[in-house]
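Subject: Structure for your files

Hello,

Here is the structure I said I would pass on. My notes follow below it.

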Amino acid sequence: MENITVKDHSVSGEDFQLVFDEVLEMYKTEPQPSLETLSSYYESEDYISHTDAKRNLFEKIYHWVRSYMLSKKMIIVEKYTKSNTKKVLDIGCGTGDFLAMSQKYKWEIAGVEPDAQARKIAAQKTETEIHTNDWLSQIPDHSFDAITMWHVLEHVPNLDEQIATLKRIIKPNGSLFIAVPNFKSHDAHHYKEFWAAFDVPRHLWHFSQKSIKLLFAKENMKVVKILPMKFDAYYVSLLSEKHKTGNMNPIKGFYRGFVSNFKAISSSEYSSLIYVIKNK
């Protein structure tokens with residue numbers, strides 16, 4: 001597959017290259033920002049996962065869908081985690097909504113979030129200390145029954161190191177729940193360089209089903225279930241319309257989301273996917 005030039009539509013307006021890795025069947029964003037400059041690309045009032053703002057209809061819809069999906073995610077975690085201790089770590093927990101839902105289901109929670117403002121909101125919401133990324137290296141081996149990363153793995157700078165850490169801190173019979181965009185979806189093919197889920201340079205990696213399976217197999221972990229996130233096709237298509245035309249055309253966006261989900265019925269290539277990964 002050819003490399004793709006993609007613009008940062010959210011913050012800088014800069015162009016980045018998506019370089020294809022044929023072996024892993026994934027794209028890598030290049031150049032990748034340094035650790036010192038990466039945070040500056042998140043400095044936008046429109047970065048919706050770091051705020052509880054509901055300033056307009058789009059943000060209200062986003063938060064309604066997020067609330068609806070929280071219980072769905074929790075059902076998935078409970079179904080694929082068989083443990084009496086029920087200890088969950090949410091990496092990239094944002095403003096803490098999933099952790100708050102986990103508390104309602106009587107889970108013992110821990111959260112990691114690099115953004116200071118989101119971390120503060122999450123701590124207030126859960127009445128629990130939320131940690132920075134540095135805390136991950138201090139976690140004892142085999143500490144958690146479940147680890148969740150809801151649209152987070154694509155953001156982490158050191159991918160192999162992150163997966164090795166997940167392997168170390170998950171219990172031997174524990175489960176990982178990884179949600180990421182899927183560049184092989186219909187909406188990705190339709191919008192090409194305007195596809196909002198490329199979101200360079202905040203998204204450093206762009207995964208296929210094959211790449212997720214290969215990356216976790218390196219650490220002797222196995223994908224046991226792949227589940228669709230059907231709402232993402234609509235959300236991403238709306239943003240992609242704005243990137244492409246300058247306007248968030250609801251009719252075109254919702255239509256493209258519908259077409260993407262319809263085509264995924266046979267291909268299983270939904271706009272975003274949840275991977276349930278078991279430690280072996």
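Which residue forms a salt bridge with Lys125, and how far apart are the closest N and O atoms? The partner is Asp97, and the closest N and O atoms are 3.2 Å apart. Please keep in mind that this is a predicted model. Lys125 is partly exposed, because its relative accessibility is 30%.

Salt bridges

The structure has 7 salt bridges. One of them pairs the side chains of Arg202 and Asp8, at 2.6 Å from N to O. Arg202 sits in the loop between helix 6 (186-191) and strand 9 (205-206), and Asp8 in the loop between strand 1 (4-7) and strand 2 (15-21), so this pair links parts that are 194 residues apart in sequence. Arg202 and Asp8 are both buried. Through shared partners, salt bridges also join Asp8, Asp199 and Arg202 into one network.

Another salt bridge runs between Glu25 and Lys184, with 3.5 Å between the closest N and O atoms. Glu25 is in the loop between strand 2 and strand 3 (26-30), while Lys184 is in the loop between strand 8 (170-181) and helix 6, so the two tie together parts that are 159 residues apart in sequence. Glu25 is buried, at a relative accessible area of 19%. Lys184 is partly exposed, at 29%.

Helix packing

Helix 8 (residues 231-245) packs on helix 9 (residues 250-267) at an angle of about 135 degrees, and their axes are 8 Å apart. That angle makes helix 8 oblique to helix 9. The crossing of helix 8 past helix 9 is right-handed. Helix 8 contributes Ala233, Tyr234, Ser237, Leu238 and Glu241 to the contact. From helix 9 come Pro250, Lys252, Gly253, Phe254, Arg256, Gly257, Phe258, Ser260 and Asn261. Sorted by class, the contact between helix 8 and helix 9 has 6 nonpolar, 5 polar and 3 charged residues.

A strand residue

Val223 is part of strand 10 (residues 221-228). Its relative accessibility is 15%, so Val223 counts as buried. Apart from neighbours within four places in sequence, Val223 is in contact with Ile212, Lys213, Tyr275, Val276 and Ile277. Val223 and Ala179 are 44 residues apart in sequence, and their C-alpha atoms are 12 Å apart in space.

Backbone points to check

Glu30 and Pro31 are joined by a cis peptide bond, with omega about -10 degrees. Pro31 is in the loop between strand 3 and helix 1 (35-38). A cis peptide bond also joins Val200 and Pro201, with omega about -10 degrees. Pro201 lies in the loop between helix 6 and strand 9, where Arg202 is also found.

Lys106, which is not a glycine, has a positive phi near 70 degrees. Lys106 is in the loop between helix 3 and strand 5 (108-112), and is exposed, with a relative accessible area of 68%. His142, also not a glycine, has a positive phi of about 55 degrees. His142 lies in the loop between strand 6 (130-131) and strand 7 (144-150), and is partly exposed, with a relative accessible area of 43%.

Regards

Notes
Residues numbered from 1 in each chain as written. Predicted model: local features only at pLDDT ≥ 70, side-chain atom pairs only at ≥ 80, totals over all residues. Heavy atoms only, no water. Axes fitted to C-alpha atoms, helices over the stretch in contact; angles between N-to-C directions. Helix = DSSP H or I, 4+ residues; strand = E, 2+ residues; numbered from the N terminus. Parallel < 35°, antiparallel > 145°, perpendicular 65-115°, else oblique. Left-handed = near helix turned anticlockwise from the far one by under 90°. Contact = heavy atoms within 4.5 Å. Nonpolar A, V, L, I, M, F, W, Y, C, P; charged D, E, K, R; others polar. Salt bridge = Lys/Arg side-chain N within 4 Å of Asp/Glu carboxyl O. Buried < 20%, exposed > 50% of the residue type's maximum accessible area, 1.4 Å probe, protein only.
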